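Dear colleague,

Please have it open while you read.

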Amino acid sequence: MLQPLVVGLGRSGSGLHLNTLVRLARRTAATGDPLVALPAVGCDPRAGGLRPLGMPGEVTAVTTLEQALRYVDPATTVVHVCTPPRLRYDLLAELAGHGFRRMIVEKPLAASADELDALIRLRQKAGLDLVAVAHWITSRLTDRLRRLVRGGRLGSLRRITVDQHKPRFVRSLATDGHPSALDVEIPHSLALALDLAGPAELRAARCWDLRCEDRGLPRLGGAHVELEHRSGVVTLLRSDLGAPVRQRSVVCSFEGGTATAHFPLSEDDDHAQLVIAPFDRGTAAPSAGVLDADGVPGIGHHVFRDDALTDFLDGAYRSFASGAAGVGNFPLACATARLLCAAREHCAVTPHSRAGSR
């Protein structure tokens, strides 16, 4: 078994990673195949002021990395790096200096192209087994989209439109971890687009301010990103962080129809939905949720469980145990980070608007 060390106990570290790790430890222990060793250790300068994390014996909170080293052995530890992107490289170098090699890093990998290049060199020099968080890519929903793209049931893929909307006023006003809306939701959908349609170039990017009463937060209201893939597919990524409702949907437009995918909105429910509609309405539709022999979803409305983050961490820990965790994940994470850097640079020289829309 491997023991988790979660560095950074904000929303991502405590609300997602720690909670999911505890759930995964309970689940695998109950099946007789224990995977995660508890207690997990959570490290954050604010740890002393946080509410208790997990049940007694499941989580130990410390305020410094030096304190964390009293509870973990780098040789049997997986470090979850959940700090803001601008703090990533120095922390990863420090962790590597202490002998940690297995690391799961929150998106995006780096805040600039120079930092990404430095991280790539560090990974190679220190022999890091590094995995970027990409649970959208490993989700059951994305697997069905991927099979649909490759299976050709609706013809060739032409366009991808992703909508990631939610009200994010409190967190944006309280923290400065993300410099713009490009760093909040866009990394998930950007990686998804590259996975489904292949390498791409940036066509356009823009951000707008988040308006709240008499305050305005520059570039945190939302973002649009347009991509042109070498395959000929065009992608539009839209994220409104001042939206009144939550939405996580992907529309894949094919020559012969559409596939509309709805990712779970929060940890409150782990069900995904996929609606496949041909342009030829005369096409016979099988029973909802039917997959063919190759796992390609049929026409209709599919509803299924998709606890993507738990499954992602399960797979990552099993891969760490086998010594091959970051091999396939890292190139996509780097390509995603580079396109994000290009989008940031584009927005930096483009006047941003005080308000925006989807």
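**The parallel sheet**

Six strands, that is 6 strands in the order 3-2-1-4-5-6, form an open sheet whose pairing is parallel; strands pair here if DSSP finds at least two bridges between them, and strands (E, at least two residues) and helices (H or I, at least four) are DSSP runs numbered from the N terminus. Strand 3 (59–62) and strand 6 (129–132) are the edge strands, each of which pairs on one side only. On average, neighbouring strands of this sheet are turned by 20° against each other, direction ignored, with axes taken as lines fitted to C-alpha atoms, for helices over the stretch in contact, and angles running from 0 to 180 degrees between N-to-C directions.

Helix 1 (residues 11–30) packs on this sheet and touches strand 1 (3–7), strand 2 (40–43), strand 3, strand 4 (77–81) and strand 5, where contact means heavy atoms within 4.5 Å; the direction of helix 1 makes about 175° with that of strand 1. Helix 8 (residues 308–322) also packs on the sheet, touching strand 1, strand 4, strand 5 and strand 6, and its direction makes about 155° with that of strand 5.

As for the source, this is a predicted model, in which local features need pLDDT of at least 70 and side-chain atom pairs count only at pLDDT 80 or more, while totals for chains, interfaces and linings use all residues. Residues are numbered from 1 along each chain as its sequence is written, and side-chain values use heavy atoms, with hydrogens and water left out.

Within the sheet, strand 1 and strand 2 run parallel and are joined by 3 bridges, with Val-41 in strand 2 as the bridge partner of Leu-5. Strand 2 is in turn joined to strand 3 by 4 bridges, again in parallel, and Cys-43 has Val-62 as its partner in strand 3. Strand 2 is covered on both faces, since Ala-40 and Gly-42 on one side and Val-41 and Cys-43 on the other are all buried, meaning under 20% relative accessible area with a 1.4 Å probe, protein chains only.

Strand 7 (residues 157–167) and strand 11 (residues 242–254) run antiparallel and are joined by 9 bridges.

Conventions:
Buried means under 20% relative accessible area, exposed over 50%, partly exposed in between (1.4 Å probe, protein chains only).
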